[in-house]
Amino acid sequence: MRAPALPQLLPWLVAAVAALAGAALLASSELKDRREAFDTNARIAHRLLSQRLVQHDAVLATLALLNSTRADQPEQRLPALYAQILRVTRREAGQAWPDADHAQAEQRSRQLGHAAISALDTRSGQYDLVLAAGPGAYALRIDMAQTVPQDEWPLPPGRSPAQVALALPGQPPFALQTGQANGGNLGWPLHFDKVLASPSQPFHLVVSQRVGPSELPWMAMGAWCAAMVGMALAWTAWQRQLTRRRRAEDLLRLGQVTRLNTLGELAAGLAHELNQPLTAVVANTQASLRLLREQGDIDPTAVAAMEQAVAQARRAAEVVARLRRVIERPAQADGLPSVVLQDAVRDALHLLEPECQRRQVATSVEAPAHEVRVRADPVALEQIVHNLIMNALQAMEQMPVDQRRLTLRLGTEASMGRLDVIDTGPGLSPAVMAKLFQPFFSTRAGGLGLGLSLCDTLATGMGGRLSAQPHPSGGAAFCLTIPLAPP
């Protein structure tokens, strides 16, 4: 019900921003770590495969060298040494390849000066590597799946989600491992594409992986968000405790001022009520003394006693008047400071917020956009507003809950600032209106009857006025006018 709602929401906004930022930072850090691990593994795979393919070139070069020095066929032992080499084919001088692809590959090999790929079958993952060796040639049948060094391979097919493929430009790729897809099409894709370091076998190593939402550090992110919510709760609880303490201190201060002002009003009321009987005592005693003197023979002791009674009655009247002058708040309308009427209303509503909630009263404030500055004593003005709101709350106690509405309307009227306090209570009868601001008059059982009288006195002392009238829609409307402060 307090006017600015942003200070109450600010801790939660800060906590929400911090929670989102922290969660995003944790997720970003996890993605960064996974990307770095992915790049590292992909580069290791590229290095290992490049070494194996370069090894094929070295085997062919060795076979070509042995062809000129030995008559036996040592190449037939190669499949037993290298799992990826399925067979070795040798074309002797003067013979022809049974496959035209091999002949073309040999021709390319002679032109390029290194081995050339022939009979590539991407479905089975096999191809021939042909090297022209003098008048003859050699061909290795290689299985790409066996080329992967399982003992050193950084991407275990059974555990790694990475998808690895070898591809030549213009040819469909051959999948070395399919990987485990995480999250379907959701998540963050990782990709690596680099040509293997073998001039004769220029395969592209393509490694792809998708980091799914399930791989994010949800527990750490949830713990961070919970910590931020806990901090917001702790901050809110501390602020509420601080607000309750400040409200209690303000109510205590206002109560002390109210008691002092009420004491002054009580003294004024007593002086007003006692002046008449004291005046009557003096008048009757003086009349009795005059009658005794007219009778002639009177007792001097009786005359002295009656003169003493007159003197003491006058002394009592002077004591009451002096007490009233000492306690009563003096008028200071000419030297009062400038006060923002909206601030006084907001502070009073803040102090009475628990009362409004306990009594289930809906409160609304209608105020202009500009500040309404009046010339008033801040404490006295706060006391008046506090009393008017409290009276309105007490007046609506007997009304149904859904009909309890309190409206505070601020504005200006000529050279005066105006505050209307409108309730939906039982209203004001003509009999009550006639005595509403008289001291010791109250419509509540046990009420002292000095609250509205004190408010009227304080308003008058500041050059203002307090009035009341029944509201057309039911209830009562109290109007407080205070002179506007100079610009």
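## Chain overview and a helix pair

Of the 487 residues in the protein chain, 39% are buried, that is, under 20% relative accessible area with a 1.4 Å probe and protein chains only, with exposed meaning over 50% and partly exposed in between. The model is predicted, so that local features need pLDDT of at least 70 and side-chain atom pairs count only at pLDDT 80 or more, while totals for chains, interfaces and linings use all residues. Residues are numbered from 1 along each chain as its sequence is written, and side-chain values use heavy atoms, without hydrogens and water.

The protein chain exposes about 26,800 Å², of which carbon and sulfur atoms supply 57%. Its secondary structure comprises 11 helices and 15 strands, taken as DSSP runs of at least four residues (H or I) and at least two (E), respectively.

Helix 9 (residues 378–395) packs against helix 11 (residues 451–461) at an angle of about 150°, and their axes are 10 Å apart; axes are lines fitted to C-alpha atoms over the stretch in contact, and angles run from 0 to 180 degrees between N-to-C directions. The residues that meet (contact: heavy atoms within 4.5 Å) are A380, Q383, I384, N387, L388 and N391 in helix 9 and G451, L452, L454, C455, L458 and A459 in helix 11. These residues divide into eight nonpolar, four polar and no charged.

Two cysteines, C455 among the residues of that contact, are listed below.

| Cysteine | Relative accessible area | State |
|---|---|---|
| C455 | 0% | buried |
| C479 | 12% | buried |

The count of disulfides (pairs of cysteine sulfur atoms within 2.5 Å) is zero.

Note on methods:
Nonpolar A, V, L, I, M, F, W, Y, C, P; charged D, E, K, R; others polar. Areas by Shrake-Rupley, 256 points an atom, 1.4 Å probe, with all protein chains shown as cover.
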